[in-house]
Amino acid sequence: MNTDNQMTISTSPESTINNGLCFSRLNGETRLLVSNNDATMRVYSVPELRLIETLEFKSPVNCTSVSPDGTKIITVGDDNRVQLFNVTSSGHYELATTMAVSRDANFSVAWNHTSEKFAVSSQDGSVHVWDIRHKNPLAKFSGLNPSITKGAARCVKFSQTGAVDLLAFTEHVSHVHIVDGRTFDSQQTIRVGSTQHDTPITGLSFSNDSKRMFVGLENAILDFSINTGSRRRFAQGSLL
């Protein structure tokens with residue numbers, strides 16, 4: 001490993017937990033957005049790691065996501081608020097609107113490939129999908145486990161290829177849900193691990209070409225193939 005360009009900084013004076021990292025590009029500059037347990041989201045230049053801006057919130061920030069077109073960000077945290085910011089041409093972040101529909105903290109947020117829709121997953125097990133042109137969500141999904149701990153919706157992701165258009169989210173244990181990202185009217189559920197006991201899920205991601213979906217477990221990464229040919233013949237194609 002080449003360590004010549006490695007740098008280390010303290011992102012919080014209180015050395016609290018960094019809950020999430022997100023990279024973005026703006027005016028030819030790479031930025032690192034750090035969601036922190038001290039109720040801030042800090043923006044750094046890359047590779048210098050120079051602090052550009054600090055946004056302060058009322059509760060710990062769990063996740064920040066930048067729209068693919070780079071013009072908006074969403075932040076979520078340890079309350080039920082979903083905050084949408086516009087990214088100005090000068091590179092600052094201006095609060096546009098605040099939404100709140102879940103009954104508990106929000107864990108994860110993801111944009112679709114067109115930057116027109118985003119999804120938020122919550123501790124109460126719900127996943128809400130918004131169109132940026134409307135303040136009320138256009139769809140809501142829930143997991144299978146009724147427990148507020150085991151059934152918490154931990155991670156949500158959109159595939160980033162238009163011909164596929166899938167939304168996926170994980171429960172805290174055992175279940176991954178795949179949703180039709182065009183109509184939001186079809187849902188497939190996959191159980192991972194043994195049927196005899198709970199299997200904690202640690203993460204979720206799509207490949208850049210949307211041909212594969214990866215699910216992280218405590219001791220393994222599961223690799224699922226997506227039938228992109230069937231998805232292109234939508235709506236007859238299978239979700240996965």
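This is a predicted model: local features need pLDDT of at least 70, side-chain atom pairs count only at pLDDT 80 or more; totals for chains, interfaces and linings use all residues.
## Overall composition

The protein chain contains 19 strands and one helix. Of its 240 residues, 50% are buried.

The accessible surface of the protein chain amounts to about 11700 Å². Carbon and sulfur atoms account for 47% of that surface. Among contacts between residues at least 6 apart in sequence, 40% link residues that are at least 24 apart.

## Strands E17 and E18

Strand E17 covers residues 201-206, and strand E18 covers residues 212-217. The two strands run antiparallel and are joined by five bridges. Within this pairing, Phe206 lies opposite Met213 of E18.

E17 and E18 form a hairpin with five residues between the strands. In that hairpin, Ser210 adopts a positive phi near 65 degrees.

## Strands E18 and E19

E18 also pairs with strand E19, which spans residues 221-225. This pair is likewise antiparallel, with five bridges joining E18 to E19. A hairpin is formed here too, with three residues between E18 and E19.

Met213 stands opposite Phe224 in E19.

Technical notes. Residues are numbered from 1 along each chain as its sequence is written. Side-chain values use heavy atoms; hydrogens and water are left out. Helices (H or I, at least four residues) and strands (E, at least two) are DSSP runs, numbered from the N terminus. Buried means under 20% relative accessible area, exposed over 50%, partly exposed in between (1.4 Å probe, protein chains only). Contact means heavy atoms within 4.5 Å. Accessible areas come from the Shrake-Rupley method with a 1.4 Å probe; for residues, only the protein chains shown count as cover. Two strands pair if DSSP finds at least two bridges between them.
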